[in-house]
Amino acid sequence: MSKSTLSRRGLLKTGALGTAGLAVPTIFTASSARAFTNAPSGGSVTLGFNVPQTGPYADEGADELRAYELAVEHLNGGGDGGMLNTFSSKALNGVGINGHKVAYVTGDTQTKSDAARASAKSMIEKDGAIMITGGSSSGVAVAVQGLCQEAGVIFMAGLTHSNDTTGKDKKANGFRHFFNAYMSGAALAPVLAKQYGTDRKAYHLTADYTWGWTQEESIMAATEALGWETIEAVKTPLAQTDFSSYIAPVLNSGADVLILNHYGGNMVNSLTNAVQFGLREKVVNGKQFEIVVPLFSRLMARGAGESVKGILGSTNWHWSLQDEGSKAFVQSFGTKYGFPPSQAAHTCYVQTLLYADAVQRAGSFDPCAVVEALEGYEFDGLGNGPTLYRAEDHQCFKDVLVVRGKENPTSEFDLLEVVEITPRAQVEYAPDHPMFSGGALGSCNPGA
Amino acid sequence: MFGLGKRDFTLFLLVAVLAIFAPFILNPFPTDSAMAQFNAGYPDLMQRFVIFGILAIGFNILFGLTGYLSFGHAAFLGVGSYSAVWMFKLLSMNVIPAILLSMIVSGLFAVVIGYVSLRRSGIYFSILTLAFAQMSYNLAYSVLTPITNGETGLQITLDDPRLLGVSATADGGIPVTNLFGLEMRAYETVTMGPWEFQFSVGYYVAAIIMLASFYLSIRIFRSPFGMMLRAIKSNQNRLYYTGLNAKPYTLAAFVISGMYAGLAGGLLACMDPLAGAERMQWTASGEVVLMTILGGAGTLIGPVLGAGFIKYFENIFSKINDQVVHSWVSFLPDGIEDFVVGIIHPFVGKGWHLTLGLMFMAIVIFLPGGLVEGGQRIARRLRKRDGTKTETSTTPAE
């Protein structure tokens, strides 16, 4: 049996001592390891950037992290200031937040609810993070938002497009700048009607989780209102990589539009399969067969290559926008990293600025004060035109872009062209809309 | 004492002392020092240490004693978590009914899976359990979505019924998991000079349950039942020839082990009321096997050490990003600094799996008995040089 000389104590001590050699001498920079408190003391405040660094959304996660680093640099007065110069609120002054220098910690969500929560928990408990932000999946966003509500810190959602994030799973401590599936449907429908007519038969392939379900529901509702008919909606597993067996039945279904409720690697694979099966050359019911990808991003367009040409979809933001805010952001991101930012990077950068600004305006890091400052807040100059953070569900309302895969891209980044900028009024909905009902914000939780 | 032999009692006492003083032991560095990066004494990680310790102790009863290598223990962990969260949703936020239900449900699961899988042994048994676990995982992900909430994970919400509790607290929040009013997430921070120590309620509840599980496991190891299980490992055919039916014993071991896993899953949900399907994935099952082998299969304390080792890497090493590495070596000239960072980079942050893999290889090659064997070797060497304390020993693992 075991001898008691090797204890956990001994093990951890030697483990730590072994690495001590590497770490000495050091200059202590980040991680003010204050446990779980809302008021940062000392000179710095720690933000937690929880993004997927591994797994199917790792590309988005890497871009989000770049945006966060840029935002921290700008908040601390470095770089060219980016969107701080175009932001309608002038509360931020480039000396951190409320006079505290901004430090940050990073974590890997692995696009798994469990891992994301563990990572966020360690940021809150060990590193004393006052705000958690990031993520590229609605499942993760919902899980981490729930954790932040319980722990009493603010959650600024990253890329999450499911209606549930600010619908049935909304939380008082959580905020979303990104648009949602309902808005995609509302923005896309008129364009689809104009381009493809009102007499179409649609076939849906849907990623089988919260985002896919709500997007399918939203697009179905929007297209059926146009007069389209839904032939069938098939759920596909998130881990699926070959969609041939799902595409083949589409050919004989009598449908003349295929709607792919897929994102990231899923969409790249399903679209490629669909194009390989010759769907786009087919003529069904006397009409040209069309493919629609309701949620589009440049990173996905790059992955799918030739296949995206002419495909319609919607997006939160695109780097080719010509307003002052977008130009400033693209400029400083491009200078630092050498290529334009993705929509994931944009929303994460903006969320960080919005949080910092809310703290500055409230004059306090207290989550309840921040919630109050953000609720019903109107702002402009962050790339999407005039925007409202609605108090009832903590969802941002702004213009939505309808985009199309470019026929003749001039560079590897110039893959999408903006077809239409759908005005905010057209994508608004009541807070108690049936697609968003069933949850409650509850009250803000300032923690211990 | 307590029906334990002298050596077992010492071992138990040692584990108890380690568990009680873990907040101090795991926070050896002052909060504001550069080494604070390596502190592991925050509630979430300490809870994980003991909870995965329970999982590994239970796995060891099956694998260490009977030699049956189950590759599907994550299924019981997941089932335990789901049962516990459902208890929070339907009954009350008290952890006791949640833990009881998670053990019962995972026990039933283990009876069914064990009854089928134990008809075969060796690699076939491993594959069968793996198949069952993957089946549970895929069911949780797709068909059983109404029960498991699929990819999003099962969470408690404001409109759950909670028959014996309240749906929402007075100020409109979701109630917190508790033990008769003692909140699991509550903790006390004690500041001693530059050090900060966190004493978490959840951790101590989990630690007490871990000690009880550890005690039970010692008793099983030393009992005639444990002897039977060892006999199965050494030669099952001989048992049959002597007229003994080994199957009830293996099934009992499998169910006990499954209930340990269910207990661990239930406790995970008690500390953080969310259950995700990923808990049942085959990688999670593999992790348990790694923990047990790393620490020392068949030994009492080995699995607990292995669990701590892996969780430490997962949570501490994975958080060392380039920024941190740069700050370590910033005293070097620029070119060399980037070079050194470039060398360290693949081994930290998201590359922590690589470091863990290398360590695992080293331990399996040089210390087939796991960390416990390393400890024994050091102890033996020290005893030989009795009195002449010249050599500063290092743990081979590091």
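1. How many bridges join β13(A) to strand β14 of chain A, and do the two run parallel or antiparallel? In this predicted model, β13(A) and β14(A), the latter spanning residues 387-389, are joined by 3 bridges and run antiparallel. Within this pairing, A:E378 is placed opposite A:L388 of β14(A).

2. The pair belongs to an open sheet of 3 strands in chain A, ordered β13-β14-β15 with antiparallel pairing. Its edge strands are β13 (377-379) and β15 (396-397) of chain A, each of which pairs on one side only.

3. As for the domains, the assignment for chain A gives domain 1 as 44-179 + 319-398 and domain 2 as 182-315. The C-alpha centres of these two domains of chain A are 30 Å apart, and 14 residues of domain 1 are in contact with 16 residues of domain 2. On the side of domain 1 of chain A that touches domain 2 of chain A, α2 (58-75) and α4 each supply at least two residues, and α4(A) gives the most, with 3 residues. By class, that side of domain 1 comprises 4 nonpolar, 7 polar and 3 charged residues.

Methods. Residues numbered from 1 in each chain as written. Chains lettered and ligands numbered in written order. Predicted model: local features only at pLDDT ≥ 70, side-chain atom pairs only at ≥ 80, totals over all residues. Domains from an automatic or database assignment. Contact = placed C-beta atoms within 7 Å. Helix = DSSP H or I, 4+ residues; strand = E, 2+ residues; numbered from the N terminus. Nonpolar A, V, L, I, M, F, W, Y, C, P; charged D, E, K, R; others polar. Pairing = 2+ DSSP bridges.
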